Amino acid sequence: MTNQILPSSNLLRVNGLVKHFPIYKGFIFQKQVGAVHAVDNVSFDVKRGETLGLVGESGCGKSTTGRTILQFYRPDAGHVYMEDVDLVSLKGEDLRKMRRKMQMIFQDPYASLNPRMTVGEIIAEPLLAHHLADRKEAIEKVGSLLHLVGLNPAYYHRYPHEFSGGQRQRVGVARALSLEPSLIVCDEPISALDVSIQAQVVNLLEDLQAQFNLTYIFIAHDLSMVRHISDRVAVMYLGVIMELTDREELYTHPLHPYTQALLSAVPIPDPKKERRRQRIILQGDVPSPVNPPSGCRFRTRCPLAAPICAEQAPEFREIATDHHVACHMV
Amino acid sequence: MSELLLNVKDLRTRFHTRDGLVHAVNGVSFFVKEGETLGIVGESGCGKSVTVMSILRLIPSPPGEVVSGEALYLGRDLLKMSNDEIRHIRGSQLSMVFQDPMTSFNPVMTIGHQVAEPLMAHQEMTRKQAYARAAELLNLVGIPNASERLGDYPHQFSGGMRQRAMIAMALSCNPPLFIADEPSTALDVTIQAQILDLVKHLRDEFGMAVIWITHDLGIIAGLADRVAVMYAGFIIEEAAVDDLYDHPSHPYTIGLLGSLPRMDESGQRRLTSIEGMPPVLYQPPTECPFLSRCTYKIDRCSKENPSLMPVDDDHRAACWVDTTTGKSRA
């Protein structure tokens, strides 16, 4: 897929994105006592037709990044350019129009479908809400969408509880596709599914991408699956991107100490390789995003930490072509 | 590695539900030798947790019912013991760690008390001795300032620390057999690596046998000596760990390994998904439970449910077809 992309064809540009969630204390007279630093100064580009993997451990801000890009949350600072339009400056009807071009697939296929609507109504709703079809056209369109995601079009009148997790996730995919978006943010779309079903959904996403030249931001904590599906991968830690580069480069030559530790921690389903592997075991837990460490956020667990790491936040530098790392020691 | 520690024969467990009788475990037999690590792999609902909970007599009855079978621990049948006898064995001889570190502690008792409790119950230690030992154990599993944290409540511990404390509690009486039910699934990969490292270390130090239940074939590859794969309440393949990954013989095992993306593999291999989904267990199957999803099936598969048959030395699979040739195994 990568070879079809022209160098200048960025679909999405994220520049200095910041999202903090305030913490209030008190019941009637509320006072802000702090903030969760969910996303701090995140910048990256996404090319048309590619898949950008966004990985990190729970609480690292990867989902918040995805949601802030789609303007579910309005950022505290920074810009998000979709086809050169700054989404942050848009409001109301203008933003609503842009929303057609970007959709989301959610993690939990049990919670993200309204249990009181039929599957057909769920998939038709975006079409009707955006006045892109009348009821009759919508029903037709839903039939072809159901077929496209590998479900029987006769399922139109069934309710979500009649389906298994994998089938529900297919419904979520059909809903995201109904507006023919160019960008789909997939927020852990397979982590709630069993292994044998995960492969079905991933294969479906790959087929659809090839068919419609879709662009994906694939948010996940499963590093093996991210390697499988992504063209480029960004590694996040405590709200900051630590490393961003091509898939092959990241998995074969990780430069950031966090990426190295993260990759070494992933078990490989091969007993002989597992016995030979050297693990980098990180000490301790991820610090709280309410009070992130000064300087480099990884320094409290970093095997290479030096005094400078506490004083100064490392710049997100391009170390080699298309290989960005935020670390003083690299 | 010689003496038989646990020998389970033809275990059957059912649940009486409003929708009917669920046949959760259907004649499972396996054994664990001293100092050996057995991995039990399967997807959700395959009966892997119910199997070990039946052995430990932790199945609530009603609705559950262990219908038949034997679970011989050093020659004595756990399923026939009185409640007092099994209580004595649980915790001191067989101890178990559960999946969810958030809910397996009592939230209104201190960590120190909960880790010390089995010592007071089984080893007749005084409160003072037990607390001192609890501090040692927490230290052993890598909780910093353990003696000062005995008075902490579970909510003051992070997920990884709670799972460590859980392991400390399970190991407090040096049990010969340690059962772990997906203890690392709810954790992030770097924390998971810490826990796996800890268990391997403790296993080698104290020479205990381990039963490790998981859906993650990667974890099992690095940990187990032997593996049992479960599907629909049956063990469908059993082999030494290298043998299983090198020569998987049951179509389900082959499918599972094929559907896993591999972090050590580059390139865009298409994942081989297993179509369909696992059967609902309202009826005891008369045919092979994997039949509807199987690509190797022959006539006999729909007439008789295969039991485990030898494939090789110490390698058994429940399949009528020799998957290397595609011909009947008769």
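What follows is a chat about a predicted model with chains A and B.

Colleague: Before we dig in, what kind of model is this and how are things numbered?
Modeller: It's a predicted model, where local features need pLDDT of at least 70, side-chain atom pairs count only at pLDDT 80 or more, and totals for chains, interfaces and linings use all residues. Residues are numbered from 1 along each chain as its sequence is written, while chains are lettered from A and ligands numbered from 1 in the order in which they are written.

Colleague: Okay, chain A. How many helices and strands has it?
Modeller: Chain A has 11 helices and 12 strands. Those are DSSP runs numbered from the N terminus: helices are H or I with at least four residues, strands are E with at least two.

Colleague: And how compact is it?
Modeller: Its radius of gyration is 21 Å, close to the 20 Å from the globule rule for 330 residues, so chain A is as compact as a globular protein of that length. The radius is taken over C-alpha atoms, and the rule is 2.2 Å times the number of residues to the power 0.38. Along the principal axes, the C-alpha atoms of chain A fill a box of roughly 65 × 60 × 45 Å.

Colleague: What share of chain A is buried?
Modeller: 45% of its 330 residues count as buried. Buried means 20 or more other C-beta atoms within 10 Å of the residue's own, exposed means 12 or fewer, and partly exposed is in between, with C-beta atoms placed from the backbone.

Colleague: Which residues of α3 in chain A are buried?
Modeller: In α3(A), residues 119-129, they are A:V119, A:G120, A:I122, A:I123, A:A124, A:P126 and A:L127. The cover over them includes α4 (135-148) and α5 (165-177) of chain A. After α3(A) comes A:H131, with a positive phi near 50°.

Colleague: Now the sheet in chain A. What's the strand order?
Modeller: It's an open sheet of eight strands with mixed pairing, in the order β6-β7-β8-β3-β9-β10-β12-β11. Two strands pair if DSSP finds at least two bridges between them.

Colleague: Why do β6 and β11 have one side without a neighbour?
Modeller: β6 (102-105) and β11 (316-320) of chain A stand at the edges with a single partner strand each, so one side of each has no neighbour in the sheet. Further in, β10 (240-246) and β12 (323-326) of chain A pair antiparallel over two bridges, with A:E243 opposite A:V325.

Colleague: Switching to chain B: what does β1 pair with?
Modeller: β1(B), residues 4-17, is joined to β2(B), residues 20-33, by 11 bridges, and the two run antiparallel. They form a hairpin with two residues between them, and B:L4 stands opposite B:K33. β1(B) also pairs antiparallel with β4(B), residues 64-73, over eight bridges; there B:T13 faces B:V66.

Colleague: How do α3 and α4 of chain B pack?
Modeller: α3(B), residues 111-122, and α4(B), residues 127-140, pack at about 120° with axes 8 Å apart. Axes are lines fitted to C-alpha atoms, for helices over the stretch in contact, and angles run from 0 to 180 degrees between N-to-C directions.

Colleague: Last one: how many residues does each chain give to the contact between A and B?
Modeller: Chain B gives 37 residues and chain A gives 37 residues. Contact means C-beta atoms, placed from the backbone, within 7 Å. On the chain B side, α6(B) gives the most, with six residues.

Terms used. Contact = placed C-beta atoms within 7 Å.
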